[in-house]
Amino acid sequence: MHWIPAKLLSRRKVFVLFWRFLQAVFVVFFFLAIVAVYLNVNQINLKKTYRIDLKDELASSNAGGGGGGGNGLMTPNCVCPDSKAAPFPNAVEKKGNDVGVVDLLDGFDNQAYGRFRSAIEKTEKTQVQGLACVPGAEELCFQSLPYFGRVIVHFDLKGAVPRVAYLEWLLHVVARAGATGILVEYEDAFPYIGTLTNASSKTALTLSDITRLQTAAHKLGLTYIPLIQTFGHMEFILKLEEFVYLREVKQYPQGINPCDVRSMVLIEEMVDQIMDAHPNLQFIHIGCDEVYHLGQGKECAATDLSRDQIFINHVVNTALYIRRKRPNIRVLIWDDMIRGFPDNYLNDTQLTRLVEPVVWWYAFNPRDYLGQDIWKRYGETFGVAWGASAFKGATGPMRYWNNVTYHILNNRHWLDVLHSEGKDSKLRFEGVFLTGWQRYDHFAGLCELIPAAMPSLMINLLIYKYGKFDSLVYKEAAKLLECSSGFPIIFPTVAKYEANDLRTYTSCKFHGADIYTGLLYLRYLREKVLVLKEEQAETAGWLDPFHGPLGFSSPSRMHEAMGALQDTLDQFRLLRVNLMKLIAVYYDVYTAEEFDSIYVEPYLRLIEELDVWRERNLKHVHWPRRPLTFRGTLNASHVEESRQRPKAARRWGPV
């Protein structure tokens, strides 16, 4: 190489080094690409495996009996009578301004409407220009900041326990949407033993089920928090004959007697069993909300303690017992019973050092209703607090469908509170709970089932994750739920849209999607039944509650009503059969029966009654003279008496 000039040699070395560098970069990128493909394939396979396992387990658990329904029910492909023509709302794809947020207000009174409209107007004023909003739901569009605290999803299991496999899938999907933990409210779904055996439902979870759920949560990085009622809402145990003596007011099983020393024996036994089943707890929630009859019992009335002191003593005793067993555990309580406590009163107790308040408010704007000073007060006393919004079960005890708009507004304003409050105070927000109530209390009927609220749950989790609601958030929620055509946010009513103007929502493939779709369809059919019963319907003047049962009506009008009545009746009957099968698959036959009795059967009876009246009318070829009666008491003397009644009335006055 001595004959090559030194200057050229140095250039060649530079070129060789550069070439080797490019080769190294290529190898690294090639290796990373292989790893990425491998991980993606594994993720897809895991998802397929998870879905197949859940499908098989739901089918096998249902066929084998389990919690209910040993009749071999399999999930139907669709609950619709005709999937090609089934009338479902599609306000998202609807063009124009025919549908507004206020169309969701059926069932609200005037005062609630005013609050709702006010919340909408405040949201409109704070919208950020330039966001790609969801068509038809522009009023809900907003831009804020992501929330990086804890986001906990509440699963209310009382009185209707979903299949464990379904709960595992729920953990998987909420983790993907940004949840950091779950709050599991057992009530009678926990498998108590010993003297507490009868406090458990006959369809309660088993200890192995609970271990399985905790394992799944741990693998997904979710904090597992059990909720145990220790003061109010203890109906599930105080309803029992053997525990009547522990009620504060003997007639009401809602609250335990805090002035009876035997009450703590029961509380401690419940706490022991719950904590033994959850060996790795960081948090435990002990309820303590809505203690309606506090201080009204004779034992408490005989003390010199105020109502607030009685409350604090009971909560402190419960929290102390828990902390003695596990010193590092953090105890949470609902805050509604302490909101009115004066600051100096709180500072003089152990309460602020033992528990953390969870401030719940499920209406539109928590700042308006809770006031501005609550955060400062809690900052100076507790130092830490949690918020609690709702994604379902907060718009009425008999609301089976989910008002997505309502919950978007609620969580949008909670996001503002989490960002704005505490900046200039001593308060630290630890996190927010997205509550999902299944019943308003133990004695209440079912409200929204979990599948009905999945779009709300996904959207509101993503609101905290991204700090906004726009079309991108909506699309990600639809992707998580595998809804290729999206899902409705705002629902038109039957009064505004005929069936052929509505769109079919059967594209979602998440577990429970058939229940979700069926409940949308149920809402449509129920409203259609009411329309048929309303005075505006064409047949109202001929199928009224008086002439209908008597068979006294116009045959031509009955023939006009035949098509709409028979079509609605056939759709309702088929929906009922399939929807009940689906609920039994994901819950049990007892839950299906309860849901049917509350939300389906009464409306089916209404339409069947109309059909019976119609058939009765069509059998007549001649009709009696008026007046008519179906009480069997009208005769000639009654007719004559009615004619004489105006004259006789003059004799009823003063003599």
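Modeller: At 2% relative accessibility, C300 counts as buried (buried is under 20% relative accessible area, exposed is over 50%, and partly exposed lies in between, with a 1.4 Å probe and protein chains only). The model is a predicted one, in which local features need pLDDT of at least 70 and side-chain atom pairs count only at pLDDT 80 or more, whereas totals for chains, interfaces and linings use all residues. Residues are numbered from 1 along each chain as its sequence is written, and side-chain values use heavy atoms, with hydrogens and water left out.

C300 is joined to C259 by a disulfide, with the sulfur atoms 2.2 Å apart (the criterion is a pair of cysteine sulfur atoms within 2.5 Å). The torsion about this S-S bond is about 110 degrees, so the link of C259 and C300 is right-handed. C259 lies in the loop between α5 (235-238) and α6 (261-277) and C300 in helix α7 (residues 298-301), so the bond ties together parts that are 41 residues apart in sequence. Helices (H or I, at least four residues) and strands (E, at least two) are DSSP runs, numbered from the N terminus. C259, at 26% relative accessibility, is partly exposed.

By the sulfur-distance rule the count comes to three disulfides. Another one joins C483 and C508, whose sulfur atoms are 1.9 Å apart. A torsion of about 115 degrees is found about the S-S bond of C483 and C508, so this disulfide is right-handed. Both cysteines lie in the loop between α15 (471-480) and α16 (513-533), so the pair ties together parts that are 25 residues apart in sequence. C483 and C508 are both buried.

C133 and C141 also form a disulfide, with 2.2 Å between the sulfur atoms. Its torsion is -90 degrees about the S-S bond, and the link is left-handed. C133 is partly exposed at 23% relative accessible area, whereas C141 is buried at 2%. Counted along the chain, the bonded cysteines follow the pattern 1-2, 3-4, 5-6.

Charged contacts come next. A search of the whole structure finds 20 salt bridges (a side-chain nitrogen of Lys or Arg within 4 Å of a carboxyl oxygen of Asp or Glu). One of them is formed by D416 and R412, with the closest N and O atoms 2.5 Å apart. These two residues are four apart in helix α13 (residues 404-420), and about one helical turn separates them. D416 is partly exposed, at 22% relative accessible area, and R412 is buried, at 4%. Elsewhere, salt bridges that share partners join R150, R330, E356, R428 and E430 into one network.

Within the salt bridge of E430 and R150, the closest N and O atoms are 2.8 Å apart. E430 lies in strand β9 and R150 in strand β2 (residues 150-156), so this contact ties together parts that are 280 residues apart in sequence. E430 is buried, with a relative accessible area of 11%, while R150 is partly exposed at 23%.

R339 takes part in two kinds of contact. Its side chain meets that of D335 in a salt bridge (2.8 Å, N to O), and both R339 and D335 are buried. R339 also lies over the face of W360, at 5.2 Å from the ring centre; for such a contact, NZ of Lys or CZ of Arg must be within 6 Å of the ring centre and within 35 degrees of the ring normal. The charged end of R523 likewise sits over the ring of W401, 3.8 Å from its centre.

Ring-to-ring contacts complete the account. Rings of Phe, Tyr and Trp (its six-membered ring) pair if their centres lie within 6.5 Å, and planes under 30 degrees apart count as stacked, over 60 as edge-to-face and the rest as tilted. By this rule the count comes to 24 aromatic pairs. Among them is the tilted pair of Y362 and W437, with 6.4 Å centre to centre and 50 degrees between the planes. Y362 and W437 are both buried. Ring pairs also link Y166, W169, F510, Y516 and Y586 into a cluster.
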